Amino acid sequence: MQTHLIVEPLGEDDILTIVHCMVIDALSFPQPGFVAARDLPRVGFRAWVCRSTDSPEPWGFLGCLHHRDTLHITVVATHPDHRRKGVATALMRTAVLQARHARLSRVSLEVRPDNRGAIALYEKLGFATVDRIPSYYGPGDDALLLVLPLAQPKSRHKTRS
Ligand SMILES: CC(C)(COP(=O)(O)OP(=O)(O)OC[C@H]1O[C@@H](n2cnc3c(N)ncnc32)[C@H](O)[C@@H]1OP(=O)(O)O)[C@@H](O)C(=O)NCCC(=O)NCCS
(Lines give C-alpha, C1' and ligand atoms only; values in the text may rest on other atoms or scores of the structure.)
Protein backbone atom coordinates (compact mmCIF):
# COMPACT_ATOMS: atom_id res chain seq x y z
CA MET A 1 0.00 0.00 0.00
CA GLN A 2 1.31 3.43 -0.90
CA THR A 3 2.08 5.74 2.04
CA HIS A 4 0.78 9.29 1.93
CA LEU A 5 2.25 11.84 4.29
CA ILE A 6 0.27 14.58 6.01
CA VAL A 7 1.74 17.61 7.77
CA GLU A 8 -0.32 19.18 10.56
CA PRO A 9 0.29 21.99 13.07
CA LEU A 10 1.25 20.87 16.57
CA GLY A 11 -0.96 22.55 19.14
CA GLU A 12 -0.10 23.27 22.77
CA ASP A 13 -3.10 21.19 23.91
CA ASP A 14 -2.29 18.07 21.90
CA ILE A 15 -0.55 16.33 24.80
CA LEU A 16 -0.41 12.84 23.25
CA THR A 17 1.23 14.10 20.06
CA ILE A 18 3.63 16.24 22.11
CA VAL A 19 4.68 13.14 24.07
CA HIS A 20 5.32 11.28 20.78
CA CYS A 21 7.43 14.21 19.58
CA MET A 22 9.46 14.15 22.77
CA VAL A 23 10.09 10.41 22.25
CA ILE A 24 11.27 11.09 18.67
CA ASP A 25 13.44 13.89 20.05
CA ALA A 26 15.01 11.60 22.68
CA LEU A 27 15.68 8.93 20.02
CA SER A 28 17.25 11.49 17.69
CA PHE A 29 19.46 13.76 19.81
CA PRO A 30 21.92 13.23 22.67
CA GLN A 31 20.36 16.23 24.41
CA PRO A 32 16.76 17.40 24.03
CA GLY A 33 16.27 19.72 21.07
CA PHE A 34 12.59 20.19 21.78
CA VAL A 35 11.18 21.00 25.21
CA ALA A 36 7.45 21.44 24.72
CA ALA A 37 6.82 23.42 27.91
CA ARG A 38 9.59 25.84 26.96
CA ASP A 39 9.16 26.04 23.19
CA LEU A 40 5.44 25.87 22.39
CA PRO A 41 4.42 29.00 24.37
CA ARG A 42 7.26 31.11 22.90
CA VAL A 43 6.09 34.08 20.88
CA GLY A 44 6.80 33.34 17.20
CA PHE A 45 7.32 29.60 17.74
CA ARG A 46 5.50 27.18 15.41
CA ALA A 47 5.67 23.43 15.14
CA TRP A 48 4.34 20.82 12.72
CA VAL A 49 4.16 17.07 12.82
CA CYS A 50 4.22 14.67 9.89
CA ARG A 51 2.47 11.30 9.89
CA SER A 52 1.24 8.83 7.33
CA THR A 53 -2.46 8.69 6.51
CA ASP A 54 -2.64 5.24 8.12
CA SER A 55 -0.86 6.19 11.39
CA PRO A 56 -2.30 8.38 14.17
CA GLU A 57 1.19 8.81 15.63
CA PRO A 58 3.64 11.36 14.26
CA TRP A 59 6.65 10.06 12.33
CA GLY A 60 8.52 13.33 12.65
CA PHE A 61 8.25 16.92 13.77
CA LEU A 62 9.75 20.34 13.14
CA GLY A 63 9.89 23.45 15.30
CA CYS A 64 10.82 26.95 14.17
CA LEU A 65 10.98 30.48 15.43
CA HIS A 66 9.92 33.54 13.47
CA HIS A 67 12.26 36.39 14.31
CA ARG A 68 12.31 39.62 12.30
CA ASP A 69 12.71 38.65 8.61
CA THR A 70 13.91 35.11 9.30
CA LEU A 71 12.29 31.78 10.02
CA HIS A 72 14.81 29.84 12.08
CA ILE A 73 14.40 26.07 12.24
CA THR A 74 15.19 25.10 15.84
CA VAL A 75 14.56 21.36 15.58
CA VAL A 76 13.67 18.73 12.99
CA ALA A 77 13.67 15.01 13.62
CA THR A 78 12.19 11.82 12.19
CA HIS A 79 11.56 8.64 14.16
CA PRO A 80 14.39 6.17 13.39
CA ASP A 81 11.80 3.63 12.08
CA HIS A 82 10.56 6.09 9.46
CA ARG A 83 13.65 7.75 8.06
CA ARG A 84 14.29 8.11 4.31
CA LYS A 85 10.56 8.22 3.56
CA GLY A 86 10.36 11.95 2.90
CA VAL A 87 9.12 12.97 6.36
CA ALA A 88 11.72 15.69 7.05
CA THR A 89 11.42 16.93 3.47
CA ALA A 90 7.64 17.36 3.89
CA LEU A 91 8.15 19.22 7.18
CA MET A 92 10.88 21.48 5.81
CA ARG A 93 8.78 22.31 2.74
CA THR A 94 5.89 23.30 5.02
CA ALA A 95 8.15 25.62 7.03
CA VAL A 96 9.59 27.19 3.86
CA LEU A 97 6.08 27.70 2.45
CA GLN A 98 5.05 29.35 5.71
CA ALA A 99 8.05 31.69 5.49
CA ARG A 100 7.17 32.57 1.90
CA HIS A 101 3.56 33.32 2.83
CA ALA A 102 4.80 35.58 5.63
CA ARG A 103 7.08 37.28 3.04
CA LEU A 104 10.19 36.60 5.10
CA SER A 105 13.67 36.99 3.61
CA ARG A 106 15.22 33.71 4.63
CA VAL A 107 15.01 30.40 6.43
CA SER A 108 18.00 29.47 8.58
CA LEU A 109 19.23 26.65 10.80
CA GLU A 110 22.29 25.27 12.54
CA VAL A 111 23.69 21.79 12.02
CA ARG A 112 26.72 19.84 13.19
CA PRO A 113 29.36 19.66 10.44
CA ASP A 114 29.45 15.84 10.68
CA ASN A 115 25.66 15.43 10.31
CA ARG A 116 25.98 14.47 6.66
CA GLY A 117 22.45 13.12 6.32
CA ALA A 118 20.87 16.33 7.56
CA ILE A 119 23.21 18.49 5.46
CA ALA A 120 22.31 16.43 2.36
CA LEU A 121 18.63 17.00 3.14
CA TYR A 122 19.07 20.77 3.52
CA GLU A 123 21.25 21.15 0.42
CA LYS A 124 18.65 19.25 -1.62
CA LEU A 125 16.14 21.90 -0.51
CA GLY A 126 18.44 24.73 -1.61
CA PHE A 127 20.12 25.68 1.69
CA ALA A 128 23.78 26.74 1.58
CA THR A 129 26.38 27.05 4.32
CA VAL A 130 27.09 30.70 5.10
CA ASP A 131 29.08 30.50 8.34
CA ARG A 132 30.72 28.28 10.92
CA ILE A 133 29.87 29.15 14.54
CA PRO A 134 32.67 28.09 16.93
CA SER A 135 31.64 26.15 20.06
CA TYR A 136 27.92 26.62 19.32
CA TYR A 137 26.92 23.29 20.87
CA GLY A 138 29.57 23.39 23.62
CA PRO A 139 33.34 23.87 23.91
CA GLY A 140 34.98 22.83 20.61
CA ASP A 141 31.61 21.67 19.20
CA ASP A 142 31.02 23.94 16.20
CA ALA A 143 27.89 24.45 14.14
CA LEU A 144 27.40 25.30 10.49
CA LEU A 145 24.87 28.03 9.77
CA LEU A 146 22.81 27.22 6.70
CA VAL A 147 20.50 29.68 4.96
CA LEU A 148 17.84 29.47 2.27
CA PRO A 149 17.28 32.97 0.83
CA LEU A 150 13.70 33.58 -0.26
CA ALA A 151 13.08 35.64 -3.33
CA GLN A 152 10.30 38.13 -2.71
CA PRO A 153 7.52 37.95 -5.31
CA LYS A 154 7.79 40.80 -7.80
CA SER A 155 5.19 43.54 -7.49
CA ARG A 156 2.49 43.37 -10.17
CA HIS A 157 2.42 47.15 -10.42
CA LYS A 158 4.55 48.61 -13.17
CA THR A 159 6.78 51.47 -12.12
CA ARG A 160 7.05 54.56 -14.35
CA SER A 161 10.49 55.29 -15.64
C1 LIG B 1 18.17 14.27 9.34
C2 LIG B 1 16.77 13.68 9.44
C3 LIG B 1 15.83 14.73 10.06
C4 LIG B 1 16.28 13.32 8.03
O5 LIG B 1 14.92 12.89 8.13
P6 LIG B 1 14.23 11.96 7.01
O7 LIG B 1 12.76 12.01 7.26
O8 LIG B 1 14.88 10.63 7.01
O9 LIG B 1 14.62 12.74 5.67
P10 LIG B 1 14.01 12.54 4.20
O11 LIG B 1 13.45 11.15 4.06
O12 LIG B 1 13.08 13.66 3.91
O13 LIG B 1 15.34 12.67 3.33
C14 LIG B 1 15.39 13.49 2.17
C15 LIG B 1 16.77 13.41 1.57
O16 LIG B 1 17.77 13.89 2.49
C17 LIG B 1 18.97 13.13 2.34
N18 LIG B 1 19.21 12.31 3.54
C19 LIG B 1 18.39 12.19 4.60
N20 LIG B 1 18.98 11.37 5.53
C21 LIG B 1 20.16 10.98 5.01
C22 LIG B 1 21.22 10.16 5.48
N23 LIG B 1 21.16 9.55 6.67
N24 LIG B 1 22.30 9.99 4.69
C25 LIG B 1 22.39 10.61 3.52
N26 LIG B 1 21.42 11.40 2.99
C27 LIG B 1 20.33 11.59 3.74
C28 LIG B 1 18.75 12.23 1.15
O29 LIG B 1 19.12 12.93 -0.01
C30 LIG B 1 17.23 12.03 1.20
O31 LIG B 1 16.68 11.67 -0.05
P32 LIG B 1 16.66 10.10 -0.48
O33 LIG B 1 16.12 9.32 0.69
O34 LIG B 1 15.75 10.10 -1.67
O35 LIG B 1 18.08 9.75 -0.80
C36 LIG B 1 16.75 12.37 10.29
O37 LIG B 1 17.81 11.53 9.86
C38 LIG B 1 16.89 12.59 11.79
O39 LIG B 1 15.90 12.77 12.49
N40 LIG B 1 18.16 12.59 12.25
C41 LIG B 1 18.42 12.81 13.71
C42 LIG B 1 18.09 14.22 14.12
C43 LIG B 1 18.87 15.24 13.30
O44 LIG B 1 20.05 15.08 13.01
N45 LIG B 1 18.13 16.32 12.93
C46 LIG B 1 18.74 17.44 12.20
C47 LIG B 1 19.45 18.33 13.16
S48 LIG B 1 20.09 19.78 12.36
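**View 1. Lining of the largest pocket in the predicted model.** By class, 17 nonpolar, 11 polar and 9 charged residues form the lining of the largest pocket (Ala, Val, Leu, Ile, Met, Phe, Trp, Tyr, Cys and Pro count as nonpolar, Asp, Glu, Lys and Arg as charged, and the others, Gly among them, as polar). This is a predicted model, in which local features need pLDDT of at least 70 and side-chain atom pairs count only at pLDDT 80 or more, while totals for chains, interfaces and linings use all residues. Residues are numbered from 1 along each chain as its sequence is written, and side-chain values use heavy atoms, with hydrogens and water left out. Of the 37 lining residues, Phe29, Val76, Asn115, Ala118 and Tyr122 lie nearest the centre of the largest pocket. A pocket is an open set of points on a 1 Å grid over the protein atoms alone, where a 1.4 Å probe fits, with protein on both sides within 12 Å along at least five of seven lines; lining residues have an atom within 4 Å of a point. The space in the largest pocket is about 1200 Å³, a volume being the space filled by probe spheres set on the points, which are joined across faces, edges and corners.

**View 2. Elements around the largest pocket.** Helix H2 (36–39), S4, H3, S5, H4 and S6 each supply at least two lining residues; S4 gives the most, with 7 residues. Helices (H or I, at least four residues) and strands (E, at least two) are DSSP runs, numbered from the N terminus.

**View 3. The open sheet.** Seven strands, in the order S1-S2-S3-S4-S5-S7-S6, make up an open sheet of 7 strands with mixed pairing; two strands pair if DSSP finds at least two bridges between them. Strand S1 (5–9) and strand S6 (128–138) are the edge strands, each pairing on one side only. Strand S5 (residues 106–111) and strand S7 (residues 141–149) run antiparallel and are joined by 6 bridges, and Glu110 has Leu145 in S7 as its bridge partner.

**View 4. Helices on the sheet.** Helix H3 (residues 87–101) packs on the sheet and touches S1, strand S2 (45–52), strand S3 (60–67), strand S4 (70–78), S5 and S7, contact meaning heavy atoms within 4.5 Å. The direction of H3 makes about 145° with that of S2; axes are lines fitted to C-alpha atoms, for helices over the stretch in contact, and angles run from 0 to 180 degrees between N-to-C directions. Helix H4 (residues 116–124) lies across S4, S5 and S7, at about 170° to S5.
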